[in-house]
Each structure stands twice: as C-alpha cells, then as structure tokens.
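Here are my notes, as promised, for when you have the viewer open.

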Amino acid sequence: MQPDFTTILDLLGTFAFAVSGIRLASGKQIDWFGAYIIGLVTAIGGGTLRDLLLNLTPFWMLDEKYFITTGVALITVLLFKDKLFKWGSTLFLFDTIGLGLFTIVGITKSVDAGWPFWVCIIMGTITGSVGGMIRDVLLNEVPLLFRKDIYALACVAGGGIYFLCHNFNIPNNLIEIIAASTIIMFRILAVKFHLHLPQLQPLNTKAEETPNKES
C-alpha cells in the first residue's frame with residue numbers, strides 16, 4: 001500500500017527531528033543506544049501528546065516505520081557525521097524542517113478528526129514543538145520553545161496559512177507544502193534577522209527588600 005502525502009511528510013519530519021536529537025546528543029557523551037532514544041523521543045514526543053489529547057492511540061504504537069526511520073537517521077549521522085557536524089547550523093536546520101513538517105501533520109490529523117481550526121492549530125503546535133522540548137530537557141538544555149527566538153509562533157503562523165489556503169480551493173497536498181514552507185521560512189528569517197518577541201524582564205525587588213529607615 002502506497003503511503004499518502006501526509007504520511008510522507010510525517011516520516012520526513014521524523015527523520016529531520018531524529019537527526020536534530022542525535023546531533024545534539026553527540027556532544028553529551030552519550031552512547032549509540034542513548035542517541036537513538038534521544039532521536040526517537042524527539043521524533044515522537046509531540047505526536048504522542050497530540051494523540052493522547054485527541055483520545056487516539058499513539059501513532060507509533062500502530063506502525064513500526066517511526067522506529068525504523070529513527071534508526072536510519074542514526075546510521076546517517078554515524079556515516080556522515082564529519083560532513084553534518086562541520087555545519088554549525090545542522091541542528092537548527094533539521095530542527096526547523098521537523099518543526100514545519102510535524103506542525104502540518106498535526107493540523108491535518110486534527111482536521112481529519114473533526115476538530116475546529118483553533119484546536120487544530122494548537123495540536124499542530126504541540127506536534128511540532130513538544131518533541132524538541134523533551135529532547136532539550138533530557139539533554140539539560142534550555143528548550144527552544146522557551147527562548148526568545150520565534151518558535152511556537154511560527155507554528156501558529158503556518159496554521160493560519162493552512163486554513164487561509166482552504167478558502168481558495170487549493171489542493172490539500174499543495175496546502176500542506178505551502179503551510180510547512182511558511183513555518184520553515186518564518187523560523188529561518190526570524191533567526192537571520194534576529195526577530196523575536198520582547199523578553200520578560202525580571203522584577204525589580206531591590207526597593208522591596210530594602211528596609212524602611214525611621215526618620
């Protein structure tokens with residue numbers, strides 16, 4: 001049976017996110033099996049939470065392709081690590097590709113399940129961002145989701161484009177490509193031009209901690 005277009009995007013996203021997880025694990029003195037687990041968690045973490053919230057059986061329990069794809073990602077990194085790791089932007093590139101593809105997979109699956117557009121966008125954002133967040137926590141890194149760089153907001157923008165395109169009767173496969181490309185380009189441009197939301201500044205508690213002097 002030939003996989004549909006969404007499944008192809010899902011597997012490409014799995015590969016991209018798995019590579020990003022394995023790439024980050026490479027500097028943490030983790031063995032091959034540990035690197036595989038990090039890559040797998042990165043790839044399936046967001047989709048697992050999405051399926052649980054939608055009261056569905058987690059997707060990876062129904063198909064072994066995600067485990068195989070993660071294995072292919074590990075082998076790819078081991079064979080081509082000299083070429084992959086010399087690119088300073090390797091982690092960013094694969095994480096960004098995974099973010100775009102997984103967000104659209106999450107939106108599409110939520111649409112197929114009959115949820116309203118705003119729930120679909122949330123589910124897409126969860127699918128795209130939670131796996132990377134788990135990866136970063138396991139490797140003792142500040143999650144990209146919580147840094148000043150635009151991350152989840154790119155998912156929301158892509159979700160908006162996804163539903164906007166539906167108003168113009170564009171074929172579904174093309175909509176998915178346009179929306180995923182929007183997320184990827186949004187993230188790349190945000191990093192290139194240092195675009196980000198204002199940071200939350202720490203509260204000035206110095207005045208509160210200073211005891212009042214009697215006159």
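This is a predicted model: local features need pLDDT of at least 70, side-chain atom pairs count only at pLDDT 80 or more; totals for chains, interfaces and linings use all residues.

1. Start with Asn-140. You'll find it in the loop between helix 5 (117-138) and helix 6 (152-166). Is Asn-140 buried or exposed? Exposed, because its relative accessibility is 71% and the cut-off for that class is over 50%.

2. With a relative accessibility of 72%, Asn-169 counts as exposed.

3. Now helix 5 against helix 6. Their axes are 9 Å apart and the packing angle is about 140°. What do we call that arrangement of helix 5 and helix 6? Oblique, because only angles over 145 degrees count as roughly antiparallel, and so helix 5 is oblique to helix 6. The crossing of these two helices is right-handed.

4. As for who touches whom there: helix 5 brings Phe-117, Cys-120, Ile-121 and Thr-125, and helix 6 answers with Ala-152, Cys-155, Val-156, Gly-159, Gly-160 and Phe-163. Sorted by class, the residues of this contact come out as 7 nonpolar, 3 polar and no charged.

5. Helix 6 also packs on helix 4 (residues 90-112), at an angle of about 50° and with the axes 10 Å apart. That makes helix 4 oblique to helix 6. The handedness of the crossing between helix 4 and helix 6 is right-handed.

6. In the contact of helix 4 with helix 6, the helix 4 side consists of Leu-99, Thr-103, Ile-104, Ile-107, Thr-108 and Val-111. Facing them from helix 6 are Cys-155, Gly-159, Tyr-162 and Phe-163. The class count for this contact is 7 nonpolar, 3 polar and no charged residues. If you're colouring by contact, note that Cys-155, Gly-159 and Phe-163 are listed for helix 6 here and also in the contact with helix 5.

7. Last, Gly-71, which belongs to helix 3 (residues 65-85). Its relative accessible area is 18%, so Gly-71 is buried, the limit being under 20%. Its C-alpha atom is separated by 9.7 Å from that of Ile-37, a residue 34 positions away along the chain.

Key. Residues are numbered from 1 along each chain as its sequence is written. Side-chain values use heavy atoms; hydrogens and water are left out. Helices (H or I, at least four residues) and strands (E, at least two) are DSSP runs, numbered from the N terminus. Buried means under 20% relative accessible area, exposed over 50%, partly exposed in between (1.4 Å probe, protein chains only). Axes are lines fitted to C-alpha atoms, for helices over the stretch in contact, and angles run from 0 to 180 degrees between N-to-C directions. Angles under 35 degrees count as roughly parallel, over 145 as roughly antiparallel, 65 to 115 as roughly perpendicular and the rest as oblique. A crossing is left-handed if the near helix is turned anticlockwise from the far one by less than a right angle, and right-handed if clockwise. Contact means heavy atoms within 4.5 Å. Ala, Val, Leu, Ile, Met, Phe, Trp, Tyr, Cys and Pro count as nonpolar, Asp, Glu, Lys and Arg as charged, and the others, Gly among them, as polar.
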